[in-house]
Amino acid sequence: MTDTTPPVRATLDQDVIDAWQVALAEYKRKGGWVYAIATACALASVAWWIATRQRLAMTGLVAGLGIGAIYDARARQHLRCPHCGQPPIYGGRRQDVLTMQWCPHCYYWLRKPW
Ligand SMILES: [Zn+2]
């Protein structure tokens, strides 16, 4: 079984699918201002570096990218399956939780399969 092939016993529950969509929308809404600040910080530091050529200016770029990456990693860890409450990813595998079609723990669909 691959990650993209759902198990035969996957359960379709519209309430779980709706709750997952609400959780994804909340994740995107909360992250909007963090990404705006991180992007502004990175762009300002690049402009500062272009104007002054000081190496110190690049710390803003690193900070901006770091803030965005750390926030995103933490926010994705808090996305839980509405049915079983576990993160809908396999342990130890690198997967994008935002694109998961079904929960590998309880086998409930997180998105409509068709
Ligand atoms: Zn689940």
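Reader: Where does the record place a transmembrane region?

Author: The unreviewed UniProt entry puts the feature "transmembrane region" at residues 32-50 and 56-73. The structure above is a predicted model.

Reader: What makes up the chain over residues 32-50, and what over residues 56-73?

Author: Residues 32-50 are 100% helix and 0% strand, with end C-alpha atoms 27 Å apart. Residues 56-73 are 89% helix and 0% strand, and there the end C-alpha atoms are 26 Å apart.

Reader: How many helices and strands are in the chain?

Author: The chain has two helices and zero strands. Along the principal axes, the C-alpha atoms fill a box of roughly 60 × 25 × 25 Å.

Reader: Where is the kink in α1 centred?

Author: The kink is centred on G32 and is about 35°. Just after α1, R53 takes a positive phi of about 60°.

Reader: Why is R29 called exposed?

Author: R29 has 9, so R29 is exposed. R29 sits in helix α1, residues 14-52. R29 is 17 residues from L12 in sequence, and their C-alpha atoms are 26 Å apart.

Reader: Why is H78 called exposed?

Author: The cut-off of 12 or fewer includes 12 itself. H78 has 12 other C-beta atoms within 10 Å, so H78 is exposed. H78 lies in the segment after α2, which covers 58-77. H78 and E26 are 52 residues apart in sequence, while their C-alpha atoms are 11 Å apart.

Reader: Which residues of α1 are buried, and what do they pack against?

Author: V16, W20, A38, C41, A42 and S45 are buried in α1. The buried residues of α1 pack against α2. Of the 114 residues of the chain, 16% count as buried.

Reader: What share of the contacts with a separation of 6 or more joins residues 24 or more positions apart?

Author: Such residues account for 49% of those contacts.

Technical notes:
Residues are numbered from 1 along each chain as its sequence is written. This is a predicted model: local features need pLDDT of at least 70, side-chain atom pairs count only at pLDDT 80 or more; totals for chains, interfaces and linings use all residues. UniProt positions are given in the numbering used here, feature names are shortened, and annotations may be inferred rather than shown by experiment. Helices (H or I, at least four residues) and strands (E, at least two) are DSSP runs, numbered from the N terminus. A residue is buried if 20 or more other C-beta atoms lie within 10 Å of its own, exposed if 12 or fewer, and partly exposed in between; C-beta atoms are placed from the backbone. Two residues are in contact if their C-beta atoms, placed from the backbone, lie within 7 Å. The bend at a residue is the angle between axes fitted to the seven residues ending there and the seven starting there.
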